[in-house]
Amino acid sequence: MNRFPFKRISAIVIAAAIVAGCSSGVKLEDVPVEDKGATSTMPGNGGANPNGASQSGVAPVDLSQSARDGAGPVGVSRIVYFDYDSYAVKPEFQSLIEQHARFIKAGQNRKVMIEGHTDERGGREYNLALGQKRAEAVRRSLALLGVSEAQMEAVSFGKEKPAAQGSTEDVYAQNRRVELSYR
């Protein structure tokens, strides 16, 4: 009796099971990003309402002190948070990204490091890749808003630089982030 076909089939089934066990349900290819570069304005007021905010509800960026100390726009967070196993920029962070885009475009010499981070769950390589996808998602959002590629660099730290220590969902949520760091 010839066992060769059985051994070959067994090896293929085992290899397929190993590959399937190592995969994740998260696609790390395309990031859903919306182009908001072309916005309509109301005639007569340049798109601003009486409070000084644009039609999108975003207030103008104060460039005074922050332009000198490299901290970014005054009163604007530098952190974008992500859902578990996701690199899609949530709609609630679009305003923050728009304010940073205006700040960066206002100074030709401004450069931003876009640092992707993950929580501690998952392997090192997977988290480095996910952190990079998060940083790239924010970089692409800024680019769609007109920020020059020469002013941005996206890097991943994966799970290596947590913002908080622990193993609770609150801690994990704090660590799933992108930080904008001005140089």
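1. Start with the core. The largest nonpolar core has 23 residues, and Val-80, Val-89, Ile-114, Val-138 and Leu-142 are the ones touching the most other members. H3 puts in the largest share, five residues. Bear in mind that this is a predicted model.

2. Ignoring neighbours within four places in sequence, Val-80 is in contact with Val-89, Phe-93, Leu-96, Ile-97, Val-138, Arg-176, Arg-177 and Val-178. One of these, Val-178, is also its bridge partner in E4.

3. Now the sheet. Four strands make an open sheet in the order E1-E4-E2-E3, and the pairing is mixed. E1 and E3 are the edge strands, each pairing on one side only. From one strand to the next, the twist averages 20°. H3 packs on this sheet and touches E1, E2 and E4, with its direction at about 20° to that of E4. H4 packs on the sheet as well, touching E1, E2, E3 and E4, and its direction makes about 155° with that of E3.

4. For the pairing details, look at E4. E1 and E4 are antiparallel, with three bridges between them; Tyr-81, for instance, has Arg-177 in E4 as its bridge partner. E2 and E4 also run antiparallel and are joined by five bridges. Met-113 stands opposite Ser-181 of E4.

5. Glu-179 deserves a look, being a charged residue name in a strand, E4. Why does Glu-179 count as buried? Because its relative accessibility is 17%, and buried means under 20%. The side chains of Glu-179 and Arg-177 are joined by a polar contact of 2.7 Å. Leaving out neighbours within four places in sequence, Glu-179 is in contact with Arg-78, Ile-79, Met-113, Ile-114, Glu-115 and His-117.

6. Tyr-182 also sits in E4. Tyr-182 is buried because its relative accessible area is 11%, against a cut-off of under 20%. Its side chain makes a polar contact of 2.6 Å with the side chain of His-100. Tyr-182 and Arg-78 are 104 residues apart in sequence, while their C-alpha atoms are 9.6 Å apart in space.

7. Last, H4. With 21 residues at 1.5 Å a residue, H4 should span 30 Å, and its end C-alpha atoms are 30 Å apart, so the two agree. Its buried residues are Asn-127, Leu-130, Gly-131, Arg-134, Ala-135, Glu-136, Ala-137, Val-138, Arg-139, Ser-141 and Leu-142. These buried residues pack against strand E1 (79–81), H3, E2, E3 and E4. After H4 comes Gly-146, with a positive phi near 100°.

Methods
Residues numbered from 1 in each chain as written. Predicted model: local features only at pLDDT ≥ 70, side-chain atom pairs only at ≥ 80, totals over all residues. Heavy atoms only, no water. Core = buried A, V, L, I, M, F, W, Y, C linked by side-chain atoms within 4.5 Å. Buried < 20%, exposed > 50% of the residue type's maximum accessible area, 1.4 Å probe, protein only. Helix = DSSP H or I, 4+ residues; strand = E, 2+ residues; numbered from the N terminus. Contact = heavy atoms within 4.5 Å. Expected span 1.5 Å × (residues − 1). Polar contact = N/O pair within 3.5 Å; in protein donor to acceptor, adjacent residues only side chain to side chain. Pairing = 2+ DSSP bridges. Axes fitted to C-alpha atoms, helices over the stretch in contact; angles between N-to-C directions.
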